Amino acid sequence: MALKDIEAVDHSLELDEAHWLHVWIWRLQYVFIALVIVIAGLSIAGLFGGGWLSRTEASSDGASVVYQRFMRYGNETVLEARLPAGNGSITIPLEYFGRLKLNTVVPQPQAQRIQGNRVVFEFGATGESVVRFHLLPLEPGASEAGIGVGNASFTVSQFTWP
Amino acid sequence: MDPVFRAIAVYFFLMLVFRILGKRSLSQITSFDFLLLLIVGEATQQALLGDDYSITNAVLVIIVLVGVDYLLAMIKEHSRRIERIVEGAPLIVIADGKVLETRIKRAGLDEDDVMKAARLKHGLERIEQIKYAIQERDGKVSIIPYGK
């Protein structure tokens, strides 16, 4: 859409149509429609949490973590840790809980203690087990935390949308 | 600080969306458009207040919204260009009884919309009786019939 596409009118009205503005807005409408399609597509894909783009899985030494790379402020998210047989402890930095509020842990840990700047959750698992941390993002922005699951260590990088 | 930024962000986002969507949305609201506006209002409320339902937060949000609106009105008074950008400009869609196809289409109108205004305001029967039809800044259609 260009200025020349608007039909010229030789009128007698005391009226300033500001053609440039109409053309500008009409162009913006195209951009807006394109943006709506892109945002809807990315949202379905998980850019704002919940889709394949967001779901991240890492595994090492029989342990694994599954988490959402993208989260939304005030919207609960789940960090899932799979413990290997024979080692039932998960360590999470204290700082992580400053950015995400821990709502619940399923199953409940047998013991929980603070060791240095980390929280240690002990499950005393004899076999392989899955632990789910239900977390509530408290502040927008990027965050990174080193989470220990059994003998393995994972770097969890997440981004919280406002 | 949070409610202040929230209110400012929501204000300008809504202004941008409704400005881009066109004037038709403001002047000819269908029952579904009305329903959509209610849903937008509900979503906006969440974005504005978050999980803070205190009177202080509500008062802050209202003050900021009214303040930004007042400030923008003052800026518009001093700058015609900004006034045009925010409020829009009128557009002639029919001239000398002829429909200007590109204009009327881009304005989100059709001949029926114009004829409705022509019938209501001047009792006109045909497009040829219209000298000018103008979509005004507020989205309404003004009709100037021949002989005026």
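Start by selecting Arg6(B), Ala7(B), Val10(B) and Leu14(B) in α1(B): they meet Thr44(B), Ala47(B) and Leu48(B) in α3(B). Here, two residues are in contact if their C-beta atoms, placed from the backbone, lie within 7 Å. The residues of this contact divide into 5 nonpolar, 1 polar and 1 charged.

A word on what you have open: this is a predicted model, where local features need pLDDT of at least 70, side-chain atom pairs count only at pLDDT 80 or more, and totals for chains, interfaces and linings use all residues. Residues are numbered from 1 along each chain as its sequence is written, with chains lettered from A and ligands numbered from 1 in the order in which they are written.

Next, select residues 2-21 of chain B, helix α1, and residues 31-49 of chain B, helix α3. What angle do the axes of these helices cross at? The axes cross at roughly 150° and come within 8 Å. α1(B) and α3(B) are therefore roughly antiparallel to each other (angles over 145 degrees count as such).

Now show the whole of chain B. You will find 7 helices and 4 strands, in the order α-α-α-α-α-β-β-α-α-β-β along the sequence. Helices (H or I, at least four residues) and strands (E, at least two) are DSSP runs, numbered from the N terminus. The C-alpha atoms of chain B fill a box of roughly 60 × 35 × 25 Å, taken along the principal axes.

Finally, bring chain A into view. On this stop, 18 residues of chain A are in contact with 15 residues of chain B.

Notes. Axes are lines fitted to C-alpha atoms, for helices over the stretch in contact, and angles run from 0 to 180 degrees between N-to-C directions. Angles under 35 degrees count as roughly parallel, over 145 as roughly antiparallel, 65 to 115 as roughly perpendicular and the rest as oblique. Ala, Val, Leu, Ile, Met, Phe, Trp, Tyr, Cys and Pro count as nonpolar, Asp, Glu, Lys and Arg as charged, and the others, Gly among them, as polar.
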